[in-house]
Amino acid sequence: MFDDTLDVFDGVQQHILTLGKALRERGHHVEYLVGQTAHPPVSGVHSMSRNMMVSFNGNRMRIPLLAPVRGIRKVLDEGRFDVLHVQAPYSPLMAGRVIKRADPGTGLVATYHIAPTGTMQLKGGQVLGRINAGSHRRIDQVISVSKVAADYARITAGVESRIIPNPIDVAAIRANRDRAGTESIDRLHGQGPHLVFLGRFVARKGADLLIEAIAQGERRGILPEGLHLTMAGKGPLLERCRQRAQDLATPIDFPGFVTESDKPALLASADLAVFPSTGGESFGIVLLEAMASGAGVILAGDNPGYRSTLQDDEEALVRVNDPQTPIILAERIARVFGNPDWARGIHRRQTALLSRYDVHSVADQVEEVYEQAIQDRLIR
């Protein structure tokens with residue numbers, strides 16, 4: 001259950017669709033109770049409410065309008081669900097209304113995904129937690145995708161949670177990469193060292209930091225010969241980044257939005273993938289996608305979500321929110337290309353992380369939580 005739409009494929013959507021696919025493959029019956037969705041990507045999708053667009057936590061997102069009670073009751077009566085799994089924090093206007101009307105025998109599980117970008121977002125979460133206090137008491141088991149998300153759940157909802165990371169389908173990512181073929185990957189790589197950025201062109205994702213790092217690297221003459229960049233994605237800062245890139249000697253290509261099926265080939269073409277997000281990350285799915293695709297080395301902004309995903313690997317984390325960040329990042333980029341043994345060590349550690357996050361491992365843990373939630377209902 002998710003208040004937002006499935007018409008886009010952002011982080012939480014990736015989470016529930018990847019997990020749902022794995023659960024279906026294990027023989028479970030999975031349905032999706034979501035906000036307004038015009039083009040369902042899978043079967044079993046129920047649009048429970050209309051949505052409106054808002055800005056929150058550095059992102060543009062959709063929130064539900066009041067979900068009709070009649071529709072809620074119809075879906076619950078027909079579904080007769082053993083478990084309802086809500087993505088949190090949730091809205092009292094949709095998910096909260098479903099929770100309050102759930103059958104007493106249905107296990108309730110919540111997964112927290114959010115990492116606040118500042119005090120205002122945290123205070124807003126506390127207000128929402130107070131609004132949802134009544135429905136949240138109905139929840140039997142709580143999951144968080146990372147420590148920072150678990151801290152958010154504790155502060156805003158007063159609950160402890162089990163940390164189970166976001167899942168990625170390593171086999172599916174590699175299959176998409178292999179379907180693209182080596183010729184396509186080689187073409188994307190081009191001549192000379194290839195650096196890739198993939199993400200939204202918004203301030204917190206750090207695209208402008210990366211461009212400034214390249215500028216600093218050029219001034220100091222430390223970048224490898226032939227270095228070229230691909231910066232994929234869209235967003236309000238895209239045009240500004242394009243204009244800034246014109247002042248640089250290093251070639252930068254801006255291909256715009258990249259589809260999910262094309263993403264693994266682009267990431268596989270990267271000798272180095274850089275994601276210098278400054279904050280607001282509860283996890284780092286894109287880091288894992290780059291690893292699974294076969295990128296050489298991944299460097300990430302040292303925010304709590306990315307640090308958790310990379311298991312505190314200091315050599316792969318770059319200090320952010322610091323006036324010296326562009327210089328630090330430029331020096332780290334130069335080291336990746338100038339010290340192959342050091343870079344190979346990072347690559348080996350990052351590749352070894354994949355088994356921890358693969359959807360089969362995550363689904364095992366989620367099934368345990370579902371079983372416990374059902375047991376919790378039986379003894380109440």
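At 10% relative accessibility, D140 counts as buried (buried means under 20% relative accessible area, exposed over 50% and partly exposed in between, with a 1.4 Å probe and protein chains only). The structure is a predicted model, in which local features need pLDDT of at least 70 and side-chain atom pairs count only at pLDDT 80 or more, while totals for chains, interfaces and linings use all residues. Residues are numbered from 1 along each chain as its sequence is written, and side-chain values use heavy atoms, with hydrogens and water left out.

The side chain of D140 meets that of R377 in a salt bridge (2.9 Å, N to O); the term denotes a side-chain nitrogen of Lys or Arg within 4 Å of a carboxyl oxygen of Asp or Glu. R377 lies in helix 16 and D140 in the loop between helix 5 (133–136) and strand 7, so the pair ties together parts that are 237 residues apart in sequence. Helices (H or I, at least four residues) and strands (E, at least two) are DSSP runs, numbered from the N terminus. R377 is buried too, at 13% relative accessibility.

A search of the whole structure finds 30 salt bridges. One of them joins R62 and D4 (2.7 Å, N to O). Since R62 belongs to strand 4 (residues 59–64) and D4 to the segment before helix 1 (11–25), this pair ties together parts 58 residues apart in sequence. R62 is buried at 15% relative accessibility, and D4 is buried with a relative accessible area of 7%. A further salt bridge, between R349 and E315, has its closest N and O atoms 2.8 Å apart.

Turning to the sheets, an open sheet of four strands has the order 5-6-7-8, with parallel pairing; strands pair if DSSP finds at least two bridges between them. Its edge strands, strand 5 (83–88) and strand 8 (162–163), each pair on one side only. Helix 16 (residues 359–378) packs on this sheet, touching strand 5, strand 6 (107–112), strand 7 and strand 8 (contact means heavy atoms within 4.5 Å).

Elsewhere, strand 12 (residues 272–275) points L272 and V274 one way and A273 and F275 the other, and all are buried. Strand 12 pairs in the parallel sense with strand 9 (residues 194–198) over two bridges, and four bridges join strand 12 to strand 13 (residues 297–301), again running parallel. L272 has bridge partners in both neighbours: L195 and V297.

Terms used:
Axes are lines fitted to C-alpha atoms, for helices over the stretch in contact, and angles run from 0 to 180 degrees between N-to-C directions.
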